[in-house]
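Work through the exercises below with the sequence and the model open. Each task is followed by a stepwise solution.

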Amino acid sequence: MVISEAHLARRSKGLIWGIVGASVVVVVVSAMVSGIVLPGLVLAAGIVALTWAIVRATVSVAITGEKIVLRCAPFYSTEVPISDVLAVTTAEDTTLSDGYGFQVMGKNTRGLLVGGPAVAFETNNRRWIVSTAHPEEVASTIQDQIETKRISRDPVKQEP
């Protein structure tokens, strides 16, 4: 069950396409002046294709059985067992300077980012920062799942 899906903001997409568009123009003009049009066009097409994949990236959080599935489509996916999650909280909003996609953000911190609101997952050996459209709702849903799993693993014995 997907509980969140986040996309790049329209403004960020516009900025990225503007920079890429200018770069493609420079590559194509340089290739034409140098007399190597075909390689220049192939390079420009590759730049546009990679950019298209990046700006269409989505970050999703899903819960399947005993695991939380974190996905940055189309590049990366991982599963975190619910039993390994120590805490989940809202995180500071991420920005262009934090990067987009899968990010190594420190020694034991990884990010799946598209900018904007985010949640943070703490496990024994890793911290995840994950972009989400509604961080409070995602944190609450996952916290409920953690509590449900703990209760089902450690049922309280009742005396007759």
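**Exercise 1.** Is Glu 79 buried, partly exposed or exposed?

Solution. Step 1: take the classes, where buried means under 20% relative accessible area, exposed over 50%, and partly exposed in between (1.4 Å probe, protein chains only). Step 2: Glu 79 has 44% relative accessibility, so it counts as partly exposed. The model is predicted: local features need pLDDT of at least 70, side-chain atom pairs count only at pLDDT 80 or more, and totals for chains, interfaces and linings use all residues. Residues are numbered from 1 along each chain as its sequence is written, and side-chain values use heavy atoms, with hydrogens and water left out.

**Exercise 2.** Which side chain meets Glu 79 in a salt bridge?

Solution. Step 1: a salt bridge requires a side-chain nitrogen of Lys or Arg within 4 Å of a carboxyl oxygen of Asp or Glu. Step 2: Lys 67 is the partner of Glu 79, at 3.3 Å, N to O. Step 3: the pair links distant parts of the chain, 12 residues apart, with Glu 79 in strand 4 (residues 76-81) and Lys 67 in strand 3 (residues 67-73). Strands here are DSSP runs (E, at least two residues), numbered from the N terminus. Step 4: Lys 67 is partly exposed, because its relative accessibility is 35%.

**Exercise 3.** How do strand 3 and strand 4 pair, and over how many bridges?

Solution. Step 1: two strands pair if DSSP finds at least two bridges between them. Step 2: strand 3 and strand 4 are antiparallel, with 6 bridges. Step 3: Arg 71 has Ser 77 in strand 4 as its bridge partner.

Notes:
Helix = DSSP H or I, 4+ residues; strand = E, 2+ residues; numbered from the N terminus.
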